[in-house]
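Please find below a colleague's note for a reader new to this structure. The points are numbered and may be taken in order.

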Amino acid sequence: MKKFIEIFNNKEVLNRIFFTVMILFVFRIGCAIPTPGIDASEFSNQLQSNSNNVLALMNLLGGGALQNFSIFALGVSPYITSQIIIQLLSMDVLPALTELNRQGQYGRRKIEMATRYLTLMLAAVQAYGIIQTAKNTSWITFTLEENFLSYAYIVTIMVAGAMLVMWLGDQITTKGIGNGISVIIFAGIVCSLPNQMSTAFQKWVLQSWNHGNIEATKGVFQFILYILSFILIIAFVIFIELSKRKLPVQHATRSGGSEKISKASFLPIKVNSAGVIPVIFASSILMAPSVIASFISSDAANAEWLKIFQYNQLVDTGGVMIPWGLFIYMILVFTFTFFYANLQINPAQLAENFQKNGSYIPGIRPGIETEKYVRRVLNRITLIGACSLTFISALPVILTLSGVFGNDSSLALGGTGLIIVVGVALELNNQINGLIAGKSYDEVIGGM
């Protein structure tokens, strides 16, 4: 309650929140405008009934815009993919990008421009891939004549929508609260939660209400258990997101003449340093075969072997139904968590920076020994994070394949959406706290 009072007493924070809400309102309007030239009446139903496929993940990252095949159907997915690719190439893969990464503000502007150009190209490829995939599965039909000009027209509209969404995210970042791209994804996921709760209430409470007291009591108990499970999973995700290992660090500084003073601090290493990036990586790789096959022909796109790369499908293996796609998905998520965590916290670069700044970890020699120690601690901590991230991301698929919720996979708990919601909510809370603290500091200085 105290924080709400501080927010309402802070004009700058209120203006930023209001601006963010208005931008999200514009985004939701765009999500309701269908892409011309396409009849996507079946697309929404199919996407909801197959909520654990790769297109459903793109819908999630797009804030729910793909579900209506709107002009914002691509959402922020091309921009996120471009950021990941540019970041990977900047890690001593392309010397030009690596050099720009070390040039401060100027280099960051150049890298951001390269990211936008790559976003434009990826948006065109993704738009065509989605159209072909949905068309080959009869989820959409063309209302225009199928020719090159029609495809170019529809792809251009979808690419323009993706670039506009990227611009809206930039406006939230500069004039609103928090990371604009994250806020857009967050808003789309939160908008779907009331519908999920309503579906659960109808399934267990309303449908069993007229079938006697025993069935009604059982339905109410199932609904309460569902809500409690949802809360427990949220608490688990929050615990993982906030968990970190603090490495003690000593900083040698000089005071006056040649006297050295050591200052102690901590280097925090999060249990889940990679965030949701490994999930996006894994889903993109699993999606690649289907997209490539859709470029070849409709027969190739519907090939039986592609089910191996669909993590919500059971594959008949000698009379035994095995979810090969789910196994591949979990292995990829687990592996990429280690890979990206070591990119985020580069032990070699960290040890080099420590040596340059006169910092050291007590009991550990500077240089190669510090690098080995940090890498060992990082890998041990990331093991917990990788297991947790793999479990949470695979939980909805496991529950759906087990048939716990019948044919309605939208009720599945956990998943990437929950990780994003919790992560962005914590980020927004820190952002608002920072704005309030900054305003309070200005008031103190101004009153002196």
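1. Burial is used throughout this note: a residue is buried at under 20% relative accessible area, exposed at over 50%, and partly exposed in between, with a 1.4 Å probe and protein chains only. The model is a predicted one, in which local features need pLDDT of at least 70 and side-chain atom pairs count only at pLDDT 80 or more, whereas totals for chains, interfaces and linings use all residues. Residues are numbered from 1 along each chain as its sequence is written, and side-chain values use heavy atoms, with hydrogens and water left out.

2. Helix 10 covers residues 213-242. Helices are DSSP runs of H or I with at least four residues, strands are runs of E with at least two, and both are numbered from the N terminus. With 30 residues, helix 10 reaches 43 Å from its first C-alpha to its last, close to the expected 44 Å; the expected span is 1.5 Å times one less than the number of residues. The buried residues of helix 10 include Ala216, Phe223, Tyr226, Phe230 and Glu241.

3. Glu241 deserves a separate remark. At 10% relative accessibility it counts as buried, and its side chain meets that of Lys270 in a salt bridge of 3.9 Å, N to O. The pair links distant parts of the chain, with Glu241 in helix 10 and Lys270 in strand 4 (residues 259-270), 29 residues apart. A salt bridge here is a side-chain nitrogen of Lys or Arg within 4 Å of a carboxyl oxygen of Asp or Glu. Lys270 is partly exposed, at 33% relative accessible area.

4. How many salt bridges does a search of the whole structure find? The search finds seven. One of the pairs joins Lys356 to Glu352, with the closest N and O atoms 3.2 Å apart. Because they are four residues apart in helix 14 (residues 347-357), Lys356 and Glu352 are separated by about one helical turn. Lys356 is exposed at 63%, while Glu352 is partly exposed at 41%.

5. A further pair lies in helix 15 (residues 368-402), where Arg375 and Glu371 are four residues apart and so separated by about one helical turn. Their closest N and O atoms are 3.1 Å apart in a salt bridge. Arg375 is partly exposed at 31%, whereas Glu371 is buried at 19%. Elsewhere, Glu112, Arg116 and Asp170 are linked in a network of salt bridges.

6. A nonpolar core is a set of buried Ala, Val, Leu, Ile, Met, Phe, Trp, Tyr and Cys residues joined through side-chain atoms within 4.5 Å. The largest has 60 residues, and those with the most contacts inside it include Phe27, Phe72, Ile184 and Tyr329. Helix 16 (residues 416-446) gives the largest share of this core, 10 residues. Apart from it lies another core of 25 residues, among them Met58, Ala123, Ile131 and Ile154.

7. Finally, Asn147 occupies the loop between strand 2 (141-142) and helix 8 (148-175). Its side chain reaches the backbone nitrogen of Leu149 at 3.2 Å, and a polar atom of the Asn147 side chain lies 2.9 Å from the backbone nitrogen of Ser150. Asn147 is partly exposed, with a relative accessible area of 29%.

Note on methods: A polar contact is a pair of N or O atoms within 3.5 Å; within protein, one must be able to donate a hydrogen and the other to accept it, and residues adjacent in sequence count only if both atoms are side-chain atoms.
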